[in-house]
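Trainee: I have just opened this structure and would like to be walked through it. Could we go topic by topic?

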Amino acid sequence: MDLSVRIGQLTLRNPVLVASGTFGYAREMAGIVDFSRLGGIIPKTITLQPRRGNALPRSVETPCGMLNAIGLDNDGVEHFVQHHLPYLRTLPTALVVNIAGKSAAEFAALAERLADQPGIAALELNLSCPNVSGGLDFATEPRLTHEVIRQVRRVCPLPIWAKLTPNVTDIVPLARAAEEAGAEAISLVNTFVGLAVDWRRRRPVLANVTGGLSGPAIKPLALRFVWQAARAVRIPVIGIGGITTLDDVMEFLVAGASAVQIGTANFFDPTVTMRIADALPEALATLGARCVRDIVGTLQAD
Ligand SMILES: Cc1cc2nc3c(=O)[nH]c(=O)nc-3n(C[C@H](O)[C@H](O)[C@H](O)COP(=O)(O)O)c2cc1C
């Protein structure tokens, strides 16, 4: 069974990647996860300057999921290049670096800094972090989505994956804006804005008040977005949201995802990604498929 998938210029060993922010910078998972069995790794978002993130508490469990408001806590791009990248580029899987800026110019500056670094397969633009004050949500407005991607494109030859937010009424204009601006893939979804309440204290549970909902609770919502976006654009859509099992992965592929990322499930089952990747051939064979592409977007909804 051929598990490889093409995402733009890139060929991944298999369609199962780990999602940004849920796998650290991979060192944390060495010894637990065999990286060579993953389609790719996307480390935690990096920004131009170091960020402390939001005040504690910044995550809480919810039924079938969790809310987080980490606030892009990271040590900045220089630390990433000096400290994390030399390790990450040695790993036997594709490395997709996720970046976020406060402006299109900041995204471009980050991309420029990373453009000539060996070992990076693609850049994923986090256009959609819901937990950062000061308007980091570029992906609610097609014009801004387009502008950020256009500016990154100009300074950086690496393939661009646009990670979009589900906190919109209609994903189609945003997916199209990303495609027109030159993104090679769309990553869908980031977290859904939610609220946890401590009614006894009459306080929000999270210091940031709201947070992003992830985990199995969001899977049907994410599937709907992926299905709609995949029908609207020609570039591949990478499905994200609540994926925990082999069946979940198959559902996303049939709904139109060319690959998937697994996030929250890594926290309670760190080996989930490689086990699902190993089990994929059998599930594909059930549908008579010879490769992953045979089933992508084969949902018969009409
Ligand atoms: C604790 C936590 C931290 C996250 N940090 C990031 C991040 O830094 N950058 C990013 O693009 N997405 C981040 N995400 C979003 C995930 O990559 C993913 O899009 C989302 O959680 C939905 O997938 P899941 O339901 O499989 O977790 C984070 C999610 C969680 C739970």
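Trainee: Where is Val189 found?
Mentor: Val189 is found in the loop between strand E10 (185-188) and E11. Helices (H or I, at least four residues) and strands (E, at least two) are DSSP runs, numbered from the N terminus. Residues are numbered from 1 along each chain as its sequence is written. This is a predicted model, in which local features need pLDDT of at least 70 and side-chain atom pairs count only at pLDDT 80 or more, while totals for chains, interfaces and linings use all residues.

Trainee: What kind of peptide bond joins Leu188 and Val189?
Mentor: Leu188 and Val189 are joined by a cis peptide bond, with omega about 15°. A cis peptide bond also joins Leu56 and Pro57, and there omega is about -10°. Pro57 lies in the loop between E4 and E5.

Trainee: Why point these bonds out?
Mentor: Because most peptide bonds are trans, and most residues other than glycine have a negative phi. Ala26 sits in the loop between E3 and E4.

Trainee: Now the sheets. In what order do the strands of the open sheet come?
Mentor: The open sheet has 4 strands in the order E5-E6-E14-E11, with antiparallel pairing. Two strands pair if DSSP finds at least two bridges between them. Strand E5 (59-62) and strand E11 (192-195) stand at the edges with a single partner strand each, so one side of each has no neighbour in the sheet. Direction ignored, neighbouring strands of this sheet are turned by 40° against each other on average.

Trainee: How many bridges are there between E6 and E14?
Mentor: Strand E6 (residues 65-68) and strand E14 (residues 210-214) pair over 3 bridges in the antiparallel sense. Met66 stands opposite Ser214 in E14.

Trainee: And which strands make up the closed barrel?
Mentor: The closed barrel consists of 8 strands, running E3-E4-E7-E8-E9-E10-E15-E16, and the pairing is parallel. Strand E3 (residues 16-18) and strand E4 (residues 40-41) pair in the parallel sense over 2 bridges. In that pair, Val18 stands opposite Ile41 in E4. Helix H2 (residues 104-115) packs on the sheet and touches strand E7 (94-99) and strand E8 (122-126); the direction of H2 makes about 150° with that of E7.

Trainee: How does one describe two packed helices?
Mentor: Two packed helices are described by the angle between their axes and the distance between the axes. Axes are lines fitted to C-alpha atoms, for helices over the stretch in contact, and angles run from 0 to 180 degrees between N-to-C directions.

Trainee: At what angle do H2 and H3 pack, then?
Mentor: H2 and H3 pack at about 30°, with their axes 8 Å apart. They are therefore roughly parallel to each other; angles under 35 degrees count as roughly parallel, over 145 as roughly antiparallel, 65 to 115 as roughly perpendicular and the rest as oblique.

Trainee: Which residues of H2 and H3 meet?
Mentor: Ala104, Ala105, Phe107, Ala108, Ala111, Glu112 and Ala115 in H2 meet Glu147, Val148, Gln151, Val152 and Val155 in H3. Residues are in contact if their C-beta atoms, placed from the backbone, lie within 7 Å. This contact of H2 with H3 divides into 9 nonpolar, 1 polar and 2 charged residues. Here Ala, Val, Leu, Ile, Met, Phe, Trp, Tyr, Cys and Pro count as nonpolar, Asp, Glu, Lys and Arg as charged, and the others, Gly among them, as polar.

Trainee: How are H3 and H4 placed?
Mentor: Helix H3 (residues 142-155) and helix H4 (residues 172-181) pack at about 20°, with axes 8 Å apart. H3 and H4 are therefore roughly parallel to each other. Their contact has 7 nonpolar, 2 polar and 3 charged residues.

Trainee: What about H4 and H5?
Mentor: H4 and helix H5 (residues 219-232) pack at an angle of about 50°, and their axes are 9 Å apart. That makes H4 oblique to H5. Val172, Ala175 and Arg176 in H4 meet Gln228, Ala229 and Ala232 in H5.

Trainee: Last topic: which residues come nearest to the ligand?
Mentor: Ala19, Gly21, Ser214, Gly263 and Thr264 come nearest, of the 27 residues around the ligand. A residue counts as near if its C-beta atom, placed from the backbone, lies within 6 Å. The shell around the ligand divides into 9 nonpolar, 16 polar and 2 charged residues. Ser214 is also the residue opposite Met66.

Notes: Contact = placed C-beta atoms within 7 Å.
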